[in-house]
Amino acid sequence: MKRRLLLVSNSTLHGSGYLDHCQQQITDFFGKDVRRVLFVPYALHDRDAYTKTARNKFKTLGYEVDSIHEAADPVEAVRKAEGIFIGGGNTFRLLKSLYDSKVVTEIRKRVMEDGVPYMGSSAGTNVATISISTTNDMPIVYPPTFAAIGLVPFNINPHYLDHDSSSRHMGETREQRITQYHEEADTPSVLVGGVLASNRRRCCFCLRMCVFSGSERGLHAAGGGRQSHAAGKHKGSTFHQGEADSGVRSRQRPQLPPHRRTLTNHRAG
């Protein structure tokens with residue numbers, strides 16, 4: 001498997017500009033072999049303005065941007081792409097547009113078979129997973145299916161926040177909502193928060209990530225592999241997660257509920 005993935009939870013952090021917080025990961029990921037990146041702005045209504053924002057940012061990093069919405073043939077644009085970046089916005093709108101443009105299968109093929117590097121942020125990360133069932137967005141449109149591109153064998157919940165015990169908000173916590181998701185049969189594991197990068201045969205997680213699983217098996221990214229756990233939050237650090245093809249597995253931690261696992265530091269043995 002040749003897949004190369006950079007999956008980012010969010011495109012901005014408080015106090016910084018668009019993609020500023022992960023620009024080093026972007027340049028490391030696309031490297032010098034990629035000169036032009038195909039941008040997919042389908043998640044926002046104003047695709048021209050969104051493309052301008054992405055184009056300006058990527059230009060400062062040394063890359064030219066072609067937008068799929070400007071192409072006469074979206075499928076052909078994917079076939080010619082050196083790299084792909086799907087931006088954030090509304091996940092339902094994004095997935096519907098991907099199916100309407102008939103590019104879901106072609107993107108999967110380019111990434112999984114041809115090794116074209118794929119970057120997603122927020123909604124663009126959601127659609128890289130098995131399904132969009134764990135998105136935070138409102139269903140403002142109806143895609144033909146919740147099934148997504150399927151570049152990784154699990155789901156992701158971007159922008160995850162732990163419950164604030166001092167808050168007076170009485171609504172459901174994100175953890176409660178993910179637990180409800182796992183009350184349904186045969187639901188895949190869910191990764192939350194951080195940045196996931198799989199570059200050829202190496203994975204790395206930036207910031208903290210947790211794994212929620214509906215089964216005792218936890219997360220199996222590809223099966224096999226060993227892991228160790230490091231305590232605490234690792235803000236601003238990068239952890240090399242071993243060989244992507246060896247897999248990532250979450251291990252039960254008795255102090256946590258059975259559906260929740262913390263994945264912080266893994267190396268394939």
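Helices here are DSSP runs of H or I at least four residues long, and strands are runs of E with at least two. With that in hand, hello everyone, and let me walk you through this predicted model. Counted that way, the chain has 7 helices and 12 strands.

Some overall numbers to begin. The chain has 269 residues, and 50% of them are buried. If we take the contacts with a separation of 6 or more, 73% are between residues 24 or more positions apart. The chain exposes about 13,100 Å², with carbon and sulfur atoms supplying 49% of that.

Now, the start of the chain. Please find Arg3, in the segment before β1, which covers 5-8. Is Arg3 buried or exposed? Its relative accessible area is 7%, under the 20% cut-off, so Arg3 counts as buried. A polar atom of the Arg3 side chain lies 2.7 Å from the backbone oxygen of Leu151. Next comes Arg4, which lies over the face of Phe29, 5.6 Å from the ring centre.

Phe29 brings us to the rings. Together with Phe30, Phe39, Tyr50, Phe58, Tyr63 and Phe85, Phe29 belongs to a cluster linked by ring pairs.

How many aromatic pairs does a search of the whole structure find? The search gives 8. One of them is Phe92 with Phe146: the ring centres are 5.8 Å apart and the planes meet at 70 degrees, so this pair is edge-to-face. Phe92 sits in helix α4 and Phe146 in the loop between α6 and β6, so the pair ties together parts 54 residues apart in sequence. Phe92 is buried, at 7% relative accessible area, whereas Phe146 is partly exposed, at 43%.

Methods
Residues are numbered from 1 along each chain as its sequence is written. This is a predicted model: local features need pLDDT of at least 70, side-chain atom pairs count only at pLDDT 80 or more; totals for chains, interfaces and linings use all residues. Side-chain values use heavy atoms; hydrogens and water are left out. Buried means under 20% relative accessible area, exposed over 50%, partly exposed in between (1.4 Å probe, protein chains only). Contact means heavy atoms within 4.5 Å. Accessible areas come from the Shrake-Rupley method with a 1.4 Å probe; for residues, only the protein chains shown count as cover. A polar contact is a pair of N or O atoms within 3.5 Å; within protein, one must be able to donate a hydrogen and the other to accept it, and residues adjacent in sequence count only if both atoms are side-chain atoms. Rings of Phe, Tyr and Trp (its six-membered ring) pair if their centres lie within 6.5 Å; planes under 30 degrees apart count as stacked, over 60 as edge-to-face and the rest as tilted. A charge sits over a ring if NZ of Lys or CZ of Arg is within 6 Å of the ring centre and within 35 degrees of the ring normal.
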